[in-house]
Amino acid sequence: MSTIPVITLNNGVEIPQLGFGVFQIEPDKTADAVVTAFDAGYRHIDTAQMYRNEAGVGEAIKRSGLPRDEVFVTSKLNNDSHDPEVAAAAFDRTLEALDTDHVDLFLIHWPLPTVGDFVETWHAMEEIYRSGRAKAIGVSNFQPHHLRRLIDGSTIVPAVNQIEVHPYLTQAEVRAFGTEHGIATEAWSPIAQGKVLDDATIVRIAEAHDRTPAQVTLRWHIQRGDIVFPKSVTKKRIRENLALFDFELDGVDMAAIDGLNRDERTGPNPDTFDYVP
Ligand SMILES: NC(=O)c1ccc[n+]([C@@H]2O[C@H](COP(=O)([O-])OP(=O)(O)OC[C@H]3O[C@@H](n4cnc5c(N)ncnc54)[C@H](OP(=O)(O)O)[C@@H]3O)[C@@H](O)[C@H]2O)c1
């Protein structure tokens, strides 16, 4: 099994650069999928309160027999819990569902610019961090102007910003802001939920390397330095998406995939998304 590289976050915490995402996995199917991922070699799981499957992740950790400190677990604060007191209680429920005394990373899931002040929510996140029950804290779906306001109004710079990134949405501006401020980029929907896999350029590069389009796309993310966690409930794909560390894309391949950008989202725009369950 190839070794998964580790990235050191701005507070010294280490995160495996490749993980396993569990968005849209049914709660009662999550434990099986995560155990399959652990068996394949994944040690980093990305879940969220919104996914309603944190308990399945917790069950999988127990079933796997892996020591807790060998697994990196991320969860995210739901959109209905931005109020600081509500956020604290919601975080307690995350720990209960995961049946653990800490998460490795806890994120504000969406900025919800029309709902309230996410800087106040971030202050509640800072309290959670200081309690030691989240080893790192960060945000998700924040644009540079959200990050600027957050940094200006608080003490702790987010360790990560988890945003939609794939060859059709390369996110130059948000990633550059992150690099400048020591915020690691996590790329969600890294294969655009499958939409980039038929792209002629990606198929051509995959054939040249005798790899699948998914592997080439994920390898492009890895070489850009982002953190990725493809989702799959298919055992063969779970294994395939991990086999990225015994081949390399050259500068020409990387530039060809960079050139596919068309600023096309598969998910909501963070500047207008204000869904509260
Ligand atoms: N922060 C946020 O707002 C946010 C939003 C979306 C996602 N995320 C995170 O990012 C993770 C990944 O994103 P995502 O689940 O939206 O999309 P994704 O990983 O880009 O794509 C998942 C889809 O691609 C298929 N797939 C996976 N590997 C494949 C392969 N090797 N070949 C062909 N098809 C393959 C899966 O099918 P099967 O499962 O049927 O195999 C599934 O339909 C999520 O699970 C979640 O943890 C975060």
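## The cavity

The lining of the largest cavity has six nonpolar, three polar and two charged residues. (Ala, Val, Leu, Ile, Met, Phe, Trp, Tyr, Cys and Pro count as nonpolar, Asp, Glu, Lys and Arg as charged, and the others, Gly among them, as polar.) Among the lining residues are Asn141, Phe142, Trp188, Pro268 and Pro270. The volume of this cavity is about 50 Å³. The structure holds one cavity of 30 Å³ or more.

A cavity is a set of points, on a 1 Å grid over the protein atoms alone, where a 1.4 Å probe fits but cannot get out. A pocket is an open set with protein on both sides within 12 Å along at least five of seven lines, and lining residues have an atom within 4 Å of a point. Points are joined across faces, edges and corners, and a volume is the space filled by probe spheres set on them.

## Basis of the model

The model is predicted: local features need pLDDT of at least 70, side-chain atom pairs count only at pLDDT 80 or more, and totals for chains, interfaces and linings use all residues. Residues are numbered from 1 along each chain as its sequence is written, and side-chain values use heavy atoms, with hydrogens and water left out.

## The second largest pocket

This pocket has a volume of about 160 Å³. Its lining includes Gln143, Pro144, Leu169, Asn261 and Arg265. Helix α6 (residues 172-181) gives the most, three residues. (Helices are DSSP runs of H or I, at least four residues, and strands are E runs of at least two, numbered from the N terminus.) By class, four lining residues are nonpolar, four polar and three charged.

The largest pocket holds about 790 Å³ of space. Of its 36 lining residues, Phe23, Gln24, Ser189, Gln193 and Lys231 are closest to its centre. Elements α8 (213-224) and α9 (235-240) each give two or more residues to the lining. The ligand takes the space of this pocket; that requires more than half of its atoms to lie within 2 Å of the grid points.

Around the ligand are 28 residues, and Asp46, Ser189, Lys231, Ser232 and Thr234 come nearest. (Near means a heavy atom within 4 Å.) A polar side-chain atom of Asn141 lies 3.0 Å from a ligand oxygen atom. A side-chain N or O atom of Asn241 is 2.9 Å from a ligand nitrogen atom. The protein covers 88% of the 910 Å² of accessible area that the ligand has on its own (Shrake-Rupley method, 1.4 Å probe).

Definitions and conventions
Polar contact = N/O pair within 3.5 Å; in protein donor to acceptor, adjacent residues only side chain to side chain.
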